[in-house]
Each structure stands twice: as structure tokens, then as C-alpha cells.
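Please keep the sequence and the coordinates at hand while reading.

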Amino acid sequence: MLLGLWIARNLNQVRGVMVAGSTCLLALSVWLTIAFIQARQGGNTDTMLFTYSTPWFEPLNIAYSVGVDGISVVMLLLSSIIVFTGTFASWQLKPMTKEYFLWFTLLSTGVYGFFICTDMFTMFMFYEVALIPMYLLIGVWGSGNKEYAAMKLTLMLMGGSALLILGILGIYYYSGATTMDVNEIAAMHNIPVEIQKIFFPFIFIGFGVLGALFPFHTWSPDGHASAPTAVSMLHAGVLMKLGGYGCFRVAMYLLPDAAQELAWIFLVLTTISVVYGALSACVQTDLKYINAYSSVSHCGLVLFALLMMTKTACTGAILQMLSHGLMTALFFALIGMIYGRTHTRDIRKLGGLMKIMPFLSVGYVIAGLANLGLPGFSGFAAEMTIFVGSFENADIFHRTATIIACMSIVVTAVYILRTVGKILFGKVADPHYLELTDATWDERFSVCCLIFCVAGLGSMPLWVSNVISDGVAPILSVINF
């Protein structure tokens with residue numbers, strides 16, 4: 001797809017290459033998911049399926065090793081859906097459309113590579129590939145204080161990357177392994193507990209920065225607010241999921257003893273993230289900042305559930321990653337479309353949009369209801385699984401943290417209903433809004449695809465939950481050994 005974009009010379013060619021490439025990736029992701037389910041039903045019990053490995057840098061035993069389990073399969077499916085719908089959400093983007101899609105594709109490449117890699121160093125390389133394009137995508141094609149937001153995002157995430165590389169090298173050298181493959185290092189389980197305690201915070205915080213772990217979350221709202229629509233969709237919908245995925249796959253899986261002993265510290269921080277993010281969203285007046293702080297809360301819920309270390313909670317965490325990715329992509333797509341017409345995201349200057357753009361308004365209502373956890377949508381299935389699984393821990397500390405985190409549900413309902421009522425109903429805030437048009441065909445297609453996925457996951461969550469549980473079980477067997 002990158003080569004095709006490089007060769008394409010006019011706007012229609014660029015769009016055609018992007019649509020063809022994103023459609024192929026979506027079709028391949030669906031095929032991979034079906035093939036994975038069929039292989040499991042056929043009795044294949046290997047930890048990873050569709051594996052491939054070849055040496056890359058032998059002096060450090062670095063290999064290009066790939067494979068998928070139940071977790072990475074659903075993350076690949078999520079990524080392909082967001083890239084596909086993000087392509088249509090960027091249909092009218094100008095100027096430098098070709099250059100924009102080149103960087104957007106490179107960002108997508110990093111995400112795909114990260115989710116399929118099983119070698120720590122190769123995973124880290126793709127992690128960096130996913131981060132670097134964000135600087136240009138926000139700094140060049142963003143809005144508002146975009147240069148500041150791009151610089152802040154890049155510096156904070158690079159700080160997390162510095163911690164990651166130290167942690168990865170520490171795990172490799174102290175494990176005594178002759179490989180950087182995460183599954184082989186986890187099977188050895190021979191890193192001393194004292195060493196694990198040193199490097200666990202490096203890995204967890206390094207990935208946690210991208211997962212909006214408190215107090216390292218401050219880059220996220222500014223980045224979301226300044227990014228163009230499709231970049232916000234991919235950023236909140238997929239990129240932030242790299243944080244939770246890495247914390248579970250690397251930090252907790254390879255350093256299980258430290259995870260057991262230090263989990264309470266990070267559980268406190270994630271509980272703060274959940275409540276703080278929701279409360280912060282209540283006082284925002286910018287639509288993107290509201291959704292950005294909402295993402296801090298929901299991504300905090302992912303790390304919160306993983307640290308509970310029960311199968312139900314961890315399954316709910318991955319389900320929440322999938323659910324939030326779809327919901328927040330829908331939200332950012334709709335916000336971008338509304339902003340493109342009204343040229344404001346300030347809820348104090350918006351009102352009566354339901355009369356002017358009913359399609360976009362109904363889509364926003366659906367996204368809001370899904371976000372606050374209405375039964376029948378993906379948010380309900382994910383959050384209920386998390387809270388039920390978290391409450392399985394019988395001690396007072398874990399149950400108190402669960403009760404506090406549950407309070408975010410009420411706060412979420414407050415800011416969602418307040419925003420919906422303010423911008424969609426009542427009198428038209430500006431007479432000029434009466435001249436605005438509703439969604440175009442490409443925007444309708446993008447929104448309908450995301451609504452279908454959010455409603456489909458909420459109505460039939462069991463098949464996804466079973467796939468996720470298949471990937472969660474082997475990792476938890478090591479963590480809770």
C-alpha cells in the first residue's frame with residue numbers, strides 16, 4: 001500500500017489505493033479471525049498460531065518472529081476496521097492528501113506489526129514506527145495548538161520508550177535466554193524476583209504512558225484535540241491499546257512475580273485514572289477534550305482490569321480495548337464531521353444540530369449511549385465483564401478499588417447526556433448553521449460501519465469473549481503460577 005501511494009499521482013488515484021489497501025487488510029483480518037477460530041475448534045492447542053520466525057540480528061539473538069493468539073487476533077481486527085473507516089473519514093482531506101495517507105499508512109504498519117510480533121525487540125521497533133508518524137500527522141495536518149501538542153506527545157512517548165528499551169534489555173540479559181521471544185522467556189521463568197521488581201516498573205510505566213496511566217496521561221488530551229479526524233480515530237481507537245497490550249504481554253507475562261507484588265501500586269494509579277478522567281471530562285467545553293478525557297478514563301479501566309489478574313477481568317480488559325476502540329473512533333469521526341461544518345468544537349456555541357444534520361446527530365446519540373454503557377452496545381458487555389471479574393477478588397482492597405471505579409459509570413452518564421442535550425437539542429445556536437448540510441456519502445458509510453460494529457459486539461459478545469479468553473488463559477497461568 002505504501003508503494004502504491006508513492007506511485008499514485010492524483011487525488012483519485014491516492015484515494016483508490018487507500019480504499020483498495022484498507023479493504024484488503026480488513027478482508028485479511030476477517031479471514032485470519034475465522035481461520036483462528038476454526039483452528040481452535042479443530043483442536044489446535046498451540047499458544048500461538050500462524051507462526052513464522054527468521055533470524056534478523058544474530059549477535060543479540062533478535063529475530064523477526066510473528067504469530068497470533070486470541071488477543072492479537074481481535075486487536076488486528078480492530079485495527080483494520082479503524083483504518084478502513086478512517087480512510088473514508090479522510091476522503092475530503094486537503095492539502096497534501098498523498099503525503100497525509102503515506103504517513104497514515106506508516107502509522108498503521110507500526111500498529112499491525114506490533115500486534116503480531118512475538119520477539120521483544122521487533123515489537124519495540126514496530127512500537128516506535130507507530131509513534132513517529134504521529135508527530136507529523138498532528139504537526140502538519142492538525143488544528144489548534146498543533147505544534148505544541150505534537151511536540152508534547154512525541155517527547156512524553158519517547159520518554160516511555162527509553163524506559164521500555166532499558167526494561168527489555170534487562171529482561172533479556174537477566175533471563176539468560178538465547179532468544180528475545182516472549183513465549184520462550186516466559187516458559188523459562190528464571191529471572192530473580194529482586195531483578196523483576198527493578199524492571200517491572202520500567203516496562204509497565206513505559207507502556208502505561210501510551211495507555212494514559214496517571215500521572216503520565218497529560219499528552220493524550222492535547223494530542224487528541226489537535227489531531228485530524230482519522231488520526232484521532234486511529235490514535236484513541238488503536239494506538240492507545242498498544243499500552244494495555246504491552247503491559248499484559250510483556251510486563252506482567254515476563255515478570256509475573258513482580259506483577260503480583262507491585263500490582264497494588266499501579267492499581268491505585270489506574271483507579272485514579274478511571275475516576276479522574278471521567279471527572280475531567282465533565283468540566284470540558286471542547287468536544288474533543290471531552291472525548292479525550294473519556295478515553296483516559298476508559299483506557300485506565302483496561303489497565304485496572306489487567307491488574308486484577310482474574311480471567312474474567314482480563315477478558316473484560318481486552319474486550320474493553322476492542323469496545324472503546326470502536327466507540328471512540330465513532331465519536332472522533334462524528335466530532336470531526338461536525339467541526340468541519342460548524343468550525344467550532346465549543347459546546348457553548350453549538351445547539352439545535354438535530355434539526356440541521358439529523359444523521360450526524362443520531363450517530364452522536366448512539367455513540368454517547370454506547371459510551372455510557374447502555375445494554376445492547378459494546379460498552380455494557382465490556383464494563384460489566386470487568387467489574388464482575390474485578391469483584392472476584394475477595395479482599396477488601398480490590399473490592400474497594402472496584403467500587404470506586406464503578407463510580408465512573410455515573411460520571412460518564414453525566415457528561416455524555418449533558419453534551420448530547422447541549423449540542424443537539426434546543427434552539428439553533430447560530431442562524432448560519434441553518435445553511436449547513438448533513439453527512440456526505442463517504443461520511444455516512446464510515447459512521448454506519450462503526451455503528452454496526454459497536455451494536456454487533458454489544459449484541460453478540462460471546463464469540464469475541466471466547467476468542468479473547470483463549471489468549472488470556474496461557475498468560476494468566478504464568479502470572480498466577
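## Second largest pocket

The lining of the second largest pocket divides by class into 15 nonpolar residues, 3 polar residues and no charged residues. The model is a predicted one, and the volume computed for this second largest pocket is about 430 Å³. Of the 18 residues that line the second largest pocket, Leu-77, Ile-81, Phe-452, Cys-453 and Trp-463 lie nearest its centre.

Two or more residues of this lining are given by each of helix 2 (11-41), helix 3, helix 14, helix 19 and helix 20 (462-479). Helix 19 provides the largest share of the lining of the second largest pocket, with 5 residues.

## Largest pocket

The largest pocket holds about 550 Å³ of space. Its lining is made up of 27 residues, and those nearest the centre of the pocket are Leu-93, Thr-229, Gly-336, Tyr-339 and Gly-340.

At least two residues of the lining of the largest pocket come from each of helix 3 (70-89), helix 5 (120-141), helix 10 (229-239), helix 14 (311-342) and helix 19 (441-459). Among these elements, helix 14 supplies the largest share, which amounts to 6 residues.

In soluble globular proteins, nonpolar side chains tend to be buried together. Here the largest nonpolar core has 170 residues, and those with the most contacts inside it are Met-120, Phe-200, Phe-204, Phe-248 and Tyr-364. The largest share of this core, 18 residues, is contributed by helix 14.

Phe-248, once its neighbours within four places in sequence are left aside, is in contact with Ile-71, Tyr-253, Leu-306, Cys-314, Val-472, Ile-475, Leu-476 and Ile-479.

Leaving aside the neighbours of Cys-314 within four places in sequence, the residues in contact with Cys-314 are Phe-248, Ala-305, Leu-306, Met-309, Val-472 and Leu-476. Leu-350, by comparison, is 36 residues from Cys-314 in sequence, and the two lie 39 Å apart in space, C-alpha to C-alpha.

Definitions and conventions. Residues are numbered from 1 along each chain as its sequence is written. This is a predicted model: local features need pLDDT of at least 70, side-chain atom pairs count only at pLDDT 80 or more; totals for chains, interfaces and linings use all residues. Side-chain values use heavy atoms; hydrogens and water are left out. On a 1 Å grid over the protein atoms alone, a cavity is a set of points where a 1.4 Å probe fits but cannot get out, and a pocket is an open set with protein on both sides within 12 Å along at least five of seven lines; lining residues have an atom within 4 Å of a point. Grid points are joined across faces, edges and corners, and a volume is the space filled by probe spheres set on the points. Helices (H or I, at least four residues) and strands (E, at least two) are DSSP runs, numbered from the N terminus. Ala, Val, Leu, Ile, Met, Phe, Trp, Tyr, Cys and Pro count as nonpolar, Asp, Glu, Lys and Arg as charged, and the others, Gly among them, as polar. A nonpolar core is a set of buried Ala, Val, Leu, Ile, Met, Phe, Trp, Tyr and Cys residues joined through side-chain atoms within 4.5 Å. Buried means under 20% relative accessible area, exposed over 50%, partly exposed in between (1.4 Å probe, protein chains only). Contact means heavy atoms within 4.5 Å.
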